[in-house]
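Please look at the sequence and model below before reading on.

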There are 4 protein chains.
Amino acid sequence: MNTQDKEPDDKIKLNKVGITDLKTLIKIKRDEKEYWHTPKVSIFIDLPENKKGIHMSRLIECITESLEEEIEEEHYSLENLGKNILKKVRSKHSYQKGEISFVSELPIIKKTPKSKKRTVELHEVFVKVIHDGTWKKVLRVEVIGNTLCPHALEFSGKTHIQRAKGTLEIECEFEKDITLEEMIDIVEESFSSEVYTLLKSEDEAHVIETMHKNPRFVEDVTRRILERSKKFGCRARAECISYESIHRHNVYSEGEI
Amino acid sequence: MNTQDKEPDDKIKLNKVGITDLKTLIKIKRDEKEYWHTPKVSIFIDLPENKKGIHMSRLIECITESLEEEIEEEHYSLENLGKNILKKVRSKHSYQKGEISFVSELPIIKKTPKSKKRTVELHEVFVKVIHDGTWKKVLRVEVIGNTLCPHALEFSGKTHIQRAKGTLEIECEFEKDITLEEMIDIVEESFSSEVYTLLKSEDEAHVIETMHKNPRFVEDVTRRILERSKKFGCRARAECISYESIHRHNVYSEGEI
Amino acid sequence: MNTQDKEPDDKIKLNKVGITDLKTLIKIKRDEKEYWHTPKVSIFIDLPENKKGIHMSRLIECITESLEEEIEEEHYSLENLGKNILKKVRSKHSYQKGEISFVSELPIIKKTPKSKKRTVELHEVFVKVIHDGTWKKVLRVEVIGNTLCPHALEFSGKTHIQRAKGTLEIECEFEKDITLEEMIDIVEESFSSEVYTLLKSEDEAHVIETMHKNPRFVEDVTRRILERSKKFGCRARAECISYESIHRHNVYSEGEI
Amino acid sequence: MNTQDKEPDDKIKLNKVGITDLKTLIKIKRDEKEYWHTPKVSIFIDLPENKKGIHMSRLIECITESLEEEIEEEHYSLENLGKNILKKVRSKHSYQKGEISFVSELPIIKKTPKSKKRTVELHEVFVKVIHDGTWKKVLRVEVIGNTLCPHALEFSGKTHIQRAKGTLEIECEFEKDITLEEMIDIVEESFSSEVYTLLKSEDEAHVIETMHKNPRFVEDVTRRILERSKKFGCRARAECISYESIHRHNVYSEGEI
């Protein structure tokens with residue numbers, strides 16, 4: 001009898017047992033384009049009270065086997081790959097609830113606002129697939145932007161500006177059709193202005209002008225993200241953190257619909 | 001009319017608005033001993049749908065005023081200080097729900113197991129006070145230890161050993177009498193062995209012996225923490241993460257009672 | 001014969017062998033005031049090519065013994081404590097070059113610029129003591145401030161502002177009388193404006209006004225730090241990193257005198 | 001006249017001015033294989049004492065233009081791409097010394113030791129190209145492994161084992177033919193044992209056996225890396241940090257040849 005299958009000393013059910021911070025290489029193919037990810041992967045299953053441990057190597061084997069097959073069976077999204085891995089786990093290890101998540105980055109290619117040059121922007125993304133009878137997913141994007149303080153502008157005519165980070169997290173049934181790109185768009189357009197990796201002088205002037213036309217608190221950014229996420233018709237959580245230029249600390253806002 | 005008190009564009013209630021990553025200096029006096037903390041402080045209140053923003057500077061003022069008073073009115077715990085700050089906030093800013101948290105470190109002085117030398121061990125602690133009509137608190141400790149794999153020991157006679165981190169988080173009514181020190185004790189004794197900053201050769205031999213007598217999976221550590229936390233009679237969550245010596249990734253276990 | 005004293009397989013001298021990321025509790029007493037630190041300590045010595053290893057536990061013992069003595073023999077600075085520890089190491093373990101460093105935080109209490117309220121500001125500090133025949137020290141401070149872009153201001157009348165971090169590092173003989181507080185002052189006054197934890201509306205207006213009167217590139221901040229450090233008459237290195245509000249990336253400048 | 005080209009207030013030459021933490025997407029094609037990187041890029045040039053600032057957007061433009069061209073002009077290594085970017089910078093911005101660096105990850109596909117299954121291992125890599133008249137490069141790899149303490153094994157028959165990280169950094173003329181893969185190999189084989197993402201029970205037994213046959217201090221690992229790097233005939237620096245399973249702190253060793 002495997003050590004894992006023995007009775008544990010303390011008979012308590014565990015919610016999540018598995019692997020975290022596993023780095024691997026993943027190729028996603030969608031709409032004729034290839035996306036390479038080197039995500040941090042976590043995979044967990046629950047453990048009943050009468051088993052000492054789970055079989056960790058089976059979880060990893062399911063990940064590595066799913067990735068080998070990728071040459072044949074193309075994965076068109078991280079969600080889709082995650083579901084395939086969990087299905088394979090199910091065939092090798094019993095569980096009541098399983099989940100797998102990927103922390104990665106998504107490149108978006110766009111044009112600078114005035115000089116119309118090509119610029120590549122990378123955004124942090126998080127994708128989780130949950131299986132507990134039904135299939136669900138959690139999608140999250142973290143996007144850099146800025147806030148220009150409306151209170152100081154009103155109070156003193158001048159103001160302070162700073163980098164901010166906006167987060168949108170959606171939880172929904174697996175089949176719901178929502179892309180990370182749409183979610184990034186929503187967050188980007190909720191700041192005082194979008195930011196760009198490349199900015200020629202005329203672009204920079206445009207970004208500064210845009211910020212001044214859209215003074216926003218972190219509260220405004222959070223609410224705008226939520227408002228624009230209503231169209232998805234599912235549970236959404238938004239955050240904005242602002243790395244204040246006049247303080248050592250950060251200001252923060254969170255809400256959900 | 002202050003900008004903050006105006007109507008927002010998007011009328012959505014926000015759960016948490018405030019300050020995060022504020023570093024400050026705090027003196028706690030308990031049982032004739034002084035504890036100095038330089039914690040990261042976060043403080044949040046909710047915001048109704050018809051107000052554009054909260055008054056951030058009032059939150060900070062409540063923190064700085066409470067700390068000035070400390071010379072007179074001694075704070076005997078981070079919880080107690082947190083409650084005093086939230087009470088002050090309540091008198092300056094309306095809210096339905098307020099919360100304040102401190103991330104800090106707690107030094108424990110103990111003796112090495114055999115040579116009986118003095119050694120100082122620092123542990124990460126987290127204290128949150130929540131006020132929404134009633135007063136609640138969340139206490140969390142993160143403690144370093146180790147795991148020695150029972151499966152490999154059975155399977156091959158030899159085994160692998162690694163550093164691990166155990167977490168215990170308790171959520172309870174504010175008045176409940178639980179100390180961070182007790183919680184640290186529970187986690188430390190749940191590993192294959194406790195670890196020490198100072199170990200002379202005889203101490204090191206003792207720690208190694210103890211590890212070999214107590215082979216533990218992360219699942220075992222998590223369950224032992226939970227089992228020993230039952231005495232508190234409140235909601236407890238435990239985690240163990242093991243920085244595997246035979247893998248690049250970590251293994252993880254989580255449960256709650 | 002101890003394993004450490006045996007011949008190694010590969011006979012190569014090593015520059016630095018020791019302990020890193022050791023957290024401990026330190027009390028410094030200076031000018032009747034007590035400063036509590038919970039620093040990260042690193043301590044290294046060199047190792048000749050014919051010894052397999054150093055005796056790690058002796059290094060730790062020297063740290064713990066020096067800290068026990070602190071009740072009697074007061075340490076009036078981290079440098080002074082570091083020197084005492086290295087002297088003790090020297091008496092227990094031969095070395096050609098030894099060094100010890102502390103990463104900690106220093107609280108500075110000051111008044112807000114207009115409302116004159118008390119505010120506590122914490123700064124990251126780094127202190128290293130080096131012993132290789134002579135005694136030297138390295139002092140470093142990392143201070144938060146901001147930059148307001150002079151180019152955008154000239155080019156478009158409006159501009160962007162962001163949080164920035166300035167660093168000053170001094171390397172000099174041990175006896176040189178330089179305080180971390182003086183160094184923090186130099187960096188703070190080199191930004192477009194100082195920042196504060198607490199800012200009432202009139203203070204905030206003052207900080208914003210100050211930023212607009214002092215547009216600065218990261219290059220300007222770095223040079224101002226260096227210019228003002230010339231008075232110390234020793235090797236100084238300065239850095240400024242700016243967390244741009246119009247970009248995802250940071251801009252950086254470094255120089256030395 | 002551009003603000004950047006004006007005289008600065010403090011006339012001090014700066015060594016490094018530029019961009020840091022820029023994330024982008026890079027495709028490298030070598031030996032018919034494609035490697036996708038999403039590195040953190042830093043690029044710096046020096047600034048003479050009589051110019052107020054550098055033209056930051058030109059640096060970024062050189063990066064984005066070089067990456068657009070990649071479809072035509074294939075980049076076969078990060079070094080080669082770095083050199084192309086610096087050449088382009090040279091044509092748009094004068095400098096005495098320029099440097100560009102990439103922090104990324106390299107996937108290595110290998111077989112598990114006994115079950116011979118496919119496993120993908122990711123390693124942190126760092127590539128810097130320096131141009132100051134001549135062209136030089138710095139290559140660095142950071143590899144996870146483990147140490148098994150030889151002293152405890154001798155002293156008490158049992159021992160402690162833990163995860164460790166080994167670093168090898170090579171500095172040489174640009175044309176020198178050294179691959180990151182070779183460097184990773186050198187570090188991996190210097191530990192008590194290699195580690196693997198996937199390990200079936202028989203593989204795990206093999207890794208444990210290998211560790212026990214190769215007890216190593218961090219000093220041993222560092223020296224072995226250096227010894228095996230002598231074949232490159234250039235400056236090499238090695239580090240090993242061990243995340244001790246019996247302590248809260250880490251032990252560290254560094255040397256160079």
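The model is predicted: local features need pLDDT of at least 70, side-chain atom pairs count only at pLDDT 80 or more, and totals for chains, interfaces and linings use all residues. Residues are numbered from 1 along each chain as its sequence is written, while chains are lettered from A and ligands numbered from 1 in the order in which they are written.

In chain A, 43 residues are in contact with 43 residues of chain B (contact: C-beta atoms, placed from the backbone, within 7 Å). Strand 1 (14–23) of chain A is among the elements that give two or more residues to this side, and strand 1 gives the most, with 10 residues. Helices (H or I, at least four residues) and strands (E, at least two) are DSSP runs, numbered from the N terminus.

Strand 1 of chain A runs antiparallel to strand 10 (residues 250–256) of chain B, joined by five bridges; strands pair if DSSP finds at least two bridges between them. A:Lys16 has B:Glu254 as its bridge partner.

In chain D, two helices pack at an angle of about 135 degrees, with their axes 9 Å apart.

| Helix of chain D | Residues |
|---|---|
| Helix 1 | residues 56–68 |
| Helix 2 | residues 78–92 |

Axes are lines fitted to C-alpha atoms, for helices over the stretch in contact, and angles run from 0 to 180 degrees between N-to-C directions. The contact includes D:Cys62 of helix 1 and D:Ile85 of helix 2.

How values were computed: Contact = placed C-beta atoms within 7 Å.
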